[in-house]
Amino acid sequence: MELWDQRVEPYEAALEGMSSEVLGSLALDVIEATPPLFGHSFDDFFPPSHAELVKSAFVLRRDSPEGWQSDSDFAVEFLDRYDKLPSVPVRPAVGPYLMALVRLFEAPPRSLTADDVMEIHSSCYEAVLMTHLTGRVTIEDEMNSDQCMAAIDLQIRLIEGYRDGAGDGR
């Protein structure tokens, strides 16, 4: 995580003036863009119940692009479904990845902060890191991981895109 701390965390200041709505869109963009970096197909990476929960967040935004962040009923339902996920074996990276989504939907509507978004980004990066590196990981290990570098680049590109007012920056 040292590489993320050095390269992405300094961007928190760029998020400070953004509205909660913009921060929410940025957070969900990072969450949605992260699974391809795991190196496994989405449905192979997550157990079916977990995959359905994750996909429900993406469907919500696709079906309600203007109102998804203020849908408090969905947030309550999402968190309830998360609490009821079956206890099944999952890859270690599933935990931090799901925590990114939980953090997003735990925030009351219109109150997401820059700190919240940075924690979401950090959880997504941690999930990528855990997918590709194990044991004691050095910054050199992170720098030599194509997936870790791609995650860093993705997050910076998205933050810069939002900071510059160009939306998701993709």
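Guide: H8 passes H10 in a right-handed crossing; that is, the near helix is turned clockwise from the far one by less than a right angle. This is a predicted model, where local features need pLDDT of at least 70, side-chain atom pairs count only at pLDDT 80 or more, and totals for chains, interfaces and linings use all residues. Residues are numbered from 1 along each chain as its sequence is written, and side-chain values use heavy atoms, with hydrogens and water left out.

Visitor: At what angle do H8 and H10 pack?

Guide: About 165°, with the axes 9 Å apart. Axes are lines fitted to C-alpha atoms, for helices over the stretch in contact, and angles run from 0 to 180 degrees between N-to-C directions. H8 and H10 are therefore roughly antiparallel (over 145 degrees). H8 covers residues 114-132 and H10 residues 146-163. Helices are DSSP runs (H or I, at least four residues), numbered from the N terminus.

Visitor: Which residues make the contact?

Guide: From H8, His121, Cys124, Tyr125, Val128, Leu129 and His132. From H10, Gln147, Cys148, Ala151, Ile152, Gln155 and Ile159. Contact means heavy atoms within 4.5 Å. By type, the contact has eight nonpolar residues, four polar and no charged.

Visitor: New topic. Is Leu104 buried or exposed?

Guide: Leu104 is buried, at 7% relative accessible area. The cut-offs are under 20% for buried, over 50% for exposed, and partly exposed in between (1.4 Å probe, protein chains only). Leu104 sits in helix H7, residues 94-106.

Visitor: What is Leu104 in contact with, leaving aside neighbours within four places in sequence?

Guide: Gly24, Ala27, Leu28, Ile31, Trp68, Leu112 and Ile120. Ile120 is 16 residues away along the chain, with 7.4 Å between the C-alpha atoms.

Visitor: And Pro89, where does that lie?

Guide: In the loop between helix H6 (72-83) and H7. Pro89 is exposed, at 77% relative accessibility.

Visitor: How many salt bridges?

Guide: Eight. The criterion is a side-chain nitrogen of Lys or Arg within 4 Å of a carboxyl oxygen of Asp or Glu. One of them pairs Glu32 with Arg61, closest N and O atoms 2.9 Å apart. Glu32 is in H3 (residues 20-33) and Arg61 in H5 (residues 48-63), so the bridge ties parts 29 residues apart in sequence.

Visitor: How accessible is Arg61?

Guide: Arg61 counts as buried, at 14%. Glu32 is partly exposed, at 32%.

Visitor: Which residues join into one network?

Guide: Asp29, Glu32 and Arg61, through salt bridges that share partners.

Key. Helices (H or I, at least four residues) and strands (E, at least two) are DSSP runs, numbered from the N terminus. Angles under 35 degrees count as roughly parallel, over 145 as roughly antiparallel, 65 to 115 as roughly perpendicular and the rest as oblique. Ala, Val, Leu, Ile, Met, Phe, Trp, Tyr, Cys and Pro count as nonpolar, Asp, Glu, Lys and Arg as charged, and the others, Gly among them, as polar.
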